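Me: I would like to learn how to read a model like this one, feature by feature. Could you walk me through it?

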Amino acid sequence: MKVIKSEYVLSAVKPAQYPDDALPEFALAGRSNVGKSSLINCMLQRKNLARTSSKPGKTQTINFYRINDLFYFADVPGYGFAKVPKSVRNSWQKMMETYFTKRETLRGMIQLVDIRHAPSREDQQMYQFLRYLELPIMVVATKVDKISRNKWNKHAKIVKDTLQMSKEHPLILFSSTTKMGRDELWQRLEALLEDTD
Ligand SMILES: Nc1nc2c(ncn2[C@@H]2O[C@H](COP(=O)(O)OP(=O)(O)OP(=O)(O)O)[C@@H](O)[C@H]2O)c(=O)[nH]1
Ligand SMILES: [Mg+2]
């Protein structure tokens with residue numbers, strides 16, 4: 001996709017605040033610091049449209065980005081971040097559960113895992129939860145630039161096996177640093193946008 005226009009629209013913590021123009025939407029999911037906001041910037045070739053940080057817990061609201069006036073990316077807070085108080089974590093979790101289950105315009109989910117590590121229990125739970133929603137899922141194994149090429153296949157297999165990934169769902173090896181996987185993810189997203197139009 002040629003990105004002609006990409007803009008931050010708004011941040012929401014509850015459904016009444018979500019954009020209501022009914023454009024299709026793709027949401028990110030993954031633990032804190034895995035690279036969700038970085039992936040959005042990489043896809044849009046924007047350095048700092050979505051705010052990133054080397055410290056986990058940067059994204060704290062659901063942030064909506066509109067692309068080519070055609071669809072949205074929704075950036076979300078990550079899970080598994082121990083350093084915020086439990087009450088805050090619980091409210092994030094509720095906010096996310098509401099968003100994932102109630103958002104009718106969701107056309108697909110991009111679940112990120114870190115290629116370097118076997119998916120955590122929370123990653124596994126998230127994948128199961130997304131399957132239950134019956135939306136298209138793309139699993140993105142990111143930070144591929146951090147391991148050597150001869151380990152990619154082995155690590156990809158660990159991701160697939162640990163998540164018990166369905167053959168329906170693609171695993172895309174990705175790096176926001178080198179842009180590896182960017183074209184493949186765009187192809188998947190474009191196909192989903194065309195599918196149900
Ligand atoms: N080497 C490398 N670093 C990455 C990659 N993607 C993200 N990072 C780095 O990882 C850190 C976290 O990235 P973010 O995009 O802020 O992560 P996030 O998932 O949005 O985190 P939260 O908002 O806290 O949930 C930053 O320091 C990024 O520069 C990647 O593909 N390769
Ligand atoms: Mg973020």
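Me: Which helix gives the most to the shell around ligand 1?

Reply: Helices (H or I, at least four residues) and strands (E, at least two) are DSSP runs, numbered from the N terminus. Here helix 1 (residues 36–44) gives the most to that shell, with three residues. Do keep in mind that this is a predicted model, where local features need pLDDT of at least 70, side-chain atom pairs count only at pLDDT 80 or more, and totals for chains, interfaces and linings use all residues. Residues are numbered from 1 along each chain as its sequence is written, while chains are lettered from A and ligands numbered from 1 in the order in which they are written.

Me: Which residues come nearest to ligand 1?

Reply: A residue is near a molecule if its C-beta atom, placed from the backbone, lies within 6 Å of it. There are 24 residues around ligand 1, and Gly35, Ser38, Thr52, Thr59 and Gly78 come nearest.

Me: How do the shell residues divide into nonpolar, polar and charged?

Reply: Ala, Val, Leu, Ile, Met, Phe, Trp, Tyr, Cys and Pro count as nonpolar, Asp, Glu, Lys and Arg as charged, and the others, Gly among them, as polar. The shell around ligand 1 has three nonpolar, 16 polar and five charged residues.

Me: What is the average pLDDT of the protein chain?

Reply: pLDDT is the predictor's confidence in each residue, from 0 to 100. Where it is low, the predicted coordinates should not be read in detail. The protein chain averages 95, and 99% of the residues score at least 70. The model also has ipTM 0.99 and pTM 0.96.

Me: How many helices and strands are there?

Reply: The protein chain has five helices and seven strands, in the order β-β-α-β-β-α-β-α-β-α-β-α along the sequence.
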